[in-house]
Amino acid sequence: MEHIRLFSRLENFEKGGINCTKSAILHLVMHMKIGLPKALLYYRYGVLWETFFHELGFDVEVSADTSKETLEMGTKTTLDENCLPLKIFMGHVKTLIGKCDRILVPRFSRTNKTEEYCVRFWGLPDVVQNTFPSASIISYNLDIGLRGSEAAAFIKMGHALGKSKRATFQAYRAGCCAQQRLEQQNMRIQSMHLHESGKKILIASQPYLIHDAYVGGQLQKMIAKQGVIPVFSDKCNRRLCRALSKEISNDLYWALNKEMIGAIELCKNQVDGIILLTAFPCGSDALVNELVLRRVQNVPIIQILLDEHTAAAGLETRIESFVDILSKRRPYV
């Protein structure tokens, strides 16, 4: 039945005057390459996506780590008012055009009826398609609570790729299991770091800032150079963090920010300092960081705002100064 559905869709090739056999076209479809931009929510769902497409028999092309060139490409294709992570994402999309058959650009709206994502995720597929009309994208809509479950969204995407409901659901389950194993491993490793001796700094931010090689990667190297153990807000128990976020704010509804401030509440007595890492001009981060600065007490906090013009030298000086303050506040032998 799977092949019958595929053959019926392949009739469009013949109608378009393409002179090739159905078996040849079927081979191309079955070996379709899906591109994954290594930016934004790739750092949250990357393993799920890669496993999902591999299980369905597709090749996967992940864009390279962010570089200065990637950021410059994204900056040239977007408006100045767009935030740094979106500019980086657009640069990654551009590097994938011509290297793969489809590029995954999901639309994230709500995780439930009371939590939602930043509006940039709501219209991301539209922004990409209008910016790069020649790009062939594949998407799924995460709008839990209003338009169905995540599994239903993946099944719909699988159907668009010519896969059966059963095969797609099995691939989705495999992806969820792989993602869960990684997250549990990350939590175990971070728990070990929290119990180690020495200074520790919690980097509280969005995962696509913390773990991006060009953005948070430089910051992590600077912290490690100072002999400090970095702790990451996105490697805590997310369910627990969402519950603890109410200690700082009962009204916050941005999903990723709730998890971030919950991680601060969870770790504030186990670390020596906190870095609030923010990208210009993120409105939600600006509001949430102000809440943190006003309501979190008894732990030193520094706010670092990044954009495409941030110099590494100035950033390193701020990190060194912050670590010096922590050392004088709580000396270590």
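Tutor: Leaving aside residues up to four places away in sequence, T278 is in contact (heavy atoms within 4.5 Å) with L209, D285, N289, Q303, I304, L305 and L306. A quick caveat: this is a predicted model, where local features need pLDDT of at least 70 and side-chain atom pairs count only at pLDDT 80 or more, while totals for chains, interfaces and linings use all residues. Residues are numbered from 1 along each chain as its sequence is written, and side-chain values use heavy atoms, with hydrogens and water left out.

Back to T278: its relative accessible area is 3%, so T278 is buried (buried is under 20% relative accessible area, exposed over 50%, partly exposed in between, with a 1.4 Å probe and protein chains only). T278 sits in strand β10, where strands (E, at least two residues) and helices (H or I, at least four) are DSSP runs numbered from the N terminus.

Now follow β10, residues 273-279, across to β8: the two run parallel and are joined by four bridges. Pairing here takes at least two DSSP bridges between two strands. β8 also pairs with β9, residues 229-232, again in the parallel sense over four bridges.

β8 itself covers residues 200-204, and five of its five residues are buried. K200, L202 and A204 point one way, I201 and I203 the other. That pattern makes sense because side chains in a regular strand alternate between the two faces of the sheet.
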